[in-house]
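Hi everyone, thanks for coming. Please have a look at the model on the screen, and I'll walk you through a few of its parts.

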Amino acid sequence: MPHRVFLSSTFVDLAQHRKAVQDAIRQLGAVDVSMEHFGARDERPADECIRLVREESDVFVGIYAHRYGYIPDGADISVSEMEYRAASEVPLPRFIYLVDDDQPWLPAYMDTGSNKDRLTAFKTSLKKRHICQFFASQDRLATKVVADIGRYIAMESAPKVGPGIPVTDIGIVSLRGSAPETPDEWNERRNRTYADHRNLFLTHIIRPSSKPGQVFDVFIYLIRHKSEDFSDVRVAEFFLGPYWENKVFPAIEQNGFIGISTSAYGTFLCICRVTFTDGTYIYLERYIDFEMQRRGGTGA
């Protein structure tokens with residue numbers, strides 16, 4: 001069954017952006033669940049929208065610019081925010097896209113007064129809960145949505161592996177031909193990697209950034225397979241690249257961890273040289289991404 005993607009946004013100001021995203025969603029083979037089914041208007045029925053989010057959708061895409069949206073009589077929040085809250089309560093995987101504040105925008109499509117304040121509060125809460133994507137043009141927005149939704153669909157449909165699950169025959173012969181590597185050979189390679197790294201590896205955790213202009217805060221640190229003993233590590237030196245002025249950042253054990261914290265607006269490669277007390281050293285690499293939080297955020 002195709003994945004059903006609920007597309008939430010105001011309409012008048014984002015009509016062309018919505019069309020680009022809808023076309024992209026359909027090209028993925030997914031189904032867009034959109035307000036266009038209500039006659040393409042902002043004043044869509046809140047109860048029906050919430051029902052569609054809760055009962056008819058698998059994924060939530062929220063696109064927000066400079067309008068807070070229609071607030072039904074007797075309500076305190078807009079239909080757009082109601083849709084987001086409903087998606088959070090289910091909960092659905094939520095992908096959030098905010099217009100770049102530097103992008104030129106028609107004043108007629110920019111809220112003022114109390115609605116502007118409501119929109120600012122709503123966006124602030126989104127940034128705290130999610131790794132939000134920022135967009136300028138409708139084409140760039142569609143590209144970002146396709147990448148995120150496509151990745152989510154691929155993850156959901158990927159072959160499941162585990163004990164007792166037969167290996168899928170994909171019709172490709174091993175590079176070793178009729179004598180593929182045995183499990184013992186694979187395990188030998190795996191154990192050699194552990195030994196070469198002295199059981200040390202890099203990992204990272206992320207959260208939405210508290211620093212203006214950045215997307216996420218990241219803590220990059222060493223972990224040791226089945227051990228928390230770093231007594232043989234003299235120093236770890238982290239190199240992150242040109243944005244960090246090509247500096248090398250040293251770190252020693254503190255509170256049981258050896259690592260560094262930084263903020264960033266995009267993905268990057270971290271290289272770490274670990275020097276041991278016996279004078280030897282190894283290099284470790286870690287690609288710092290934020291896919292782990294892109295799909296759902298940190299809370300409801």
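Helices here are DSSP runs of H or I with at least four residues, strands are runs of E with at least two, and both are numbered from the N terminus. Do keep in mind that this is a predicted model, where local features need pLDDT of at least 70, side-chain atom pairs count only at pLDDT 80 or more, and totals for chains, interfaces and linings use all residues. Residues are numbered from 1 along each chain as its sequence is written, and side-chain values use heavy atoms, with hydrogens and water left out.

The C-alpha trace spans about 70 × 50 × 30 Å along its principal axes. Of the 300 residues, 43% count as buried, meaning under 20% relative accessible area with a 1.4 Å probe, protein chains only. If we take contacts between residues at least 6 apart in sequence, 69% of them join residues at least 24 apart; contact means heavy atoms within 4.5 Å.

Now, please find helix α3, residues 79–89. Is this helix enclosed or open? Nine of its eleven residues are buried, so α3 is largely enclosed by the rest of the structure. Among those buried residues are Val79, Met82, Tyr84 and Ala87. What do they pack against? The buried residues of α3 pack against β1 (4–8), α2, β3 (59–64), β4 (94–99) and α4 (113–129).

Let's zoom in on one of those partners, α2, residues 46–56. The axes of α2 and α3 come within 9 Å and cross at roughly 30 degrees; these axes are lines fitted to C-alpha atoms over the stretch in contact, with angles from 0 to 180 degrees between N-to-C directions. That makes α2 roughly parallel to α3, a label for angles under 35 degrees.

Which residues meet there? From α2 we have Ala46, Cys49, Ile50, Val53 and Arg54, and they meet Val79, Met82, Glu83, Ala86, Ala87 and Glu89 in α3. By type, the residues of this contact are eight nonpolar, no polar and three charged; Ala, Val, Leu, Ile, Met, Phe, Trp, Tyr, Cys and Pro count as nonpolar, Asp, Glu, Lys and Arg as charged, and the others, Gly among them, as polar.

One last stop: Ser78, in the loop between β3 and α3. Ser78 has 0% relative accessibility, so it counts as buried. Beyond its neighbours within four places in sequence, Ser78 is in contact with Tyr68, Gly69, Tyr70 and Ile71. Thanks, everyone!

Terms used:
Angles under 35 degrees count as roughly parallel, over 145 as roughly antiparallel, 65 to 115 as roughly perpendicular and the rest as oblique. Buried means under 20% relative accessible area, exposed over 50%, partly exposed in between (1.4 Å probe, protein chains only).
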